Amino acid sequence: MAIKFGRPIELRDAPQRQSDALASPSLDLTIRMRRNRKSEWARRLVRENVLTTNDLIWPMFVVDGHNTRTPVASMPGVDRLTVDQIVRDAERAAKLNIPCIALFPFTEPSLRDEQGSEAFNPDNLVCQAVRAIKKEFPDIGVLCDVALDPFTSHGHDGLIEGGKILNDETVAVLVKQALTQAEAGCDVIAPSDMMDGRIGAIREALDDNGFGDVQIMSYAAKYASAFYGPFRDAIGSAKTLTGDKRTYQMDSANSDEALREVELDIAEGADMVMVKPGMPYLDIVRRVKDHFAMPTFVYQVSGEYAMIAGAAANGWIDGERAMMESLVGFKRAGADGILTYFAPKAAEKIKAES
Ligand SMILES: NCc1[nH]cc(CCC(=O)O)c1CC(=O)O
Ligand SMILES: [Mg+2]
């Protein structure tokens, strides 16, 4: 049975009070915090944070084929979508008033190589999806991830030589990838690779090529995390990934370092910054927001989604309430927006309640 914590106890269900209990002394308290919680209207009145559909970015997985939705086993409720189907979900997003969607490709293994060259193929899945979505729904924001991991045979975000991830050489390829995506009509370029200097290089290339309006949302403070596991299943890089990403993604023990990363990306031209993952890093979200007063985003990543969706599927938690609690937690921490696989569910709930 699902455990429903915090369920209001109706008076009729409450045990009858024994008369001698009435005689117990009352405390002489001037301030009683519970007064403001006494009823639903009172709680609504003093509520400090509110989640709206405007806060949501919906990440989607695109796969080759036609008219097919393939479930991602480790992300119950999330599918890989063929281009025609991703257009349908973009329509759903638009109807739910979700401002922006994010695209991630599952690349055919035969198209993956050492250099991740499919990343800058103008006809790759992401570009096809961007063009198809923009054709039907030009008013929804489309964000594209920039990194090589969906395209490399080794599953890393950058180029490798002698077991090392090359920084500057990788940045040159990321610039080509970003330009390819901008050409296809992408609105927001979101580099998730954690190479040094990529924001500045991408900004300059966008500006030099007539894409001055294309925004950059930098995955500025991105940690080397176990919570990306289900995502790597979804894009098919879990099996191919050799080693880990700790030479470029941040150490989860660090906090000051996040401020330096964010500061650099702002200086290089990021329009928006992101902290990733979300729930284990709420302190980072708060520090970044307080320190820089930038549009600050947070990614509730695949493993966080899987924890909640998986526990809910087992009846161990109330999934809907855990979802909403986790999302308002990001708002409370200072996030302006959240990338979350719960976006459509949360938007539906918000819509139903308004
Ligand atoms: N650079 C790729 C990328 N972009 C977003 C995620 C993770 C998203 C998620 O787990 O939901 C990752 C995975 C990784 O860095 O290995
Ligand atoms: Mg950096």
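The numbered points that follow go from the model as a whole to individual residues.

1. Basis of the model. This is a predicted model, in which local features need pLDDT of at least 70 and side-chain atom pairs count only at pLDDT 80 or more, while totals for chains, interfaces and linings use all residues. Residues are numbered from 1 along each chain as its sequence is written, chains are lettered from A and ligands numbered from 1 in the order in which they are written, and side-chain values use heavy atoms, with hydrogens and water left out.

2. Confidence. The average pLDDT of the protein is 95, and 94% of the residues score at least 70; pLDDT is the predictor's confidence in each residue, from 0 to 100. For the complex, the predictor gives an ipTM of 0.98 and a pTM of 0.93. Where pLDDT is low, the predicted coordinates should not be read in detail.

3. Overall form. The protein contains twelve helices and twelve strands (DSSP runs numbered from the N terminus, helices being H or I of at least four residues and strands E of at least two). Its radius of gyration is 23 Å, close to the 20 Å that the globule rule gives for 354 residues, so the protein is as compact as a globular protein of that length. The radius is taken over C-alpha atoms, and the rule is 2.2 Å times the number of residues to the power 0.38. The C-alpha trace spans about 80 × 45 × 40 Å along its principal axes.

4. Of the 354 residues in the protein, 50% are buried (under 20% relative accessible area, with exposed meaning over 50% and partly exposed in between; 1.4 Å probe, protein chains only). Among contacts with a separation of 6 or more, 75% are between residues 24 or more positions apart, a contact being heavy atoms within 4.5 Å.

5. Nonpolar core. The largest nonpolar core has 107 residues, of which Ile-101 and Met-217 touch the most other members. Helix α5 (residues 167–184) gives this core its largest share, eight residues. Such a core is a set of buried Ala, Val, Leu, Ile, Met, Phe, Trp, Tyr and Cys residues joined through side-chain atoms within 4.5 Å. A buried glutamine. Gln-181 lies in helix α5 and is buried, with a relative accessible area of 3%. Apart from neighbours within four places in sequence, the contacts of Gln-181 include Val-126, Cys-144, Asp-145, Val-146 and Ile-189.

6. Strand β8. Which residues of β8 (residues 188–191) are buried on each side? Val-188 and Ala-190 are buried on one side, and Ile-189 and Pro-191 on the other. Strand β8 runs parallel to β5 (residues 141–146), joined by four bridges, and Val-146 has Pro-191 as its bridge partner. Strand β8 also pairs in the parallel sense with β9 (residues 215–222) over two bridges, with Val-188 opposite Gln-215. Two strands pair if DSSP finds at least two bridges between them.

7. Backbone details in loops. The peptide bond from Lys-276 to Pro-277 is cis, with omega near -5 degrees, and Pro-277 lies in the loop between β10 (272–276) and α9 (282–292). Asn-67, in the loop between β1 (56–62) and β2 (69–71), has a positive phi near 50 degrees and is exposed at 52% relative accessibility. Asn-97, in the loop between α3 (83–95) and β4 (100–105), has a positive phi near 65 degrees.
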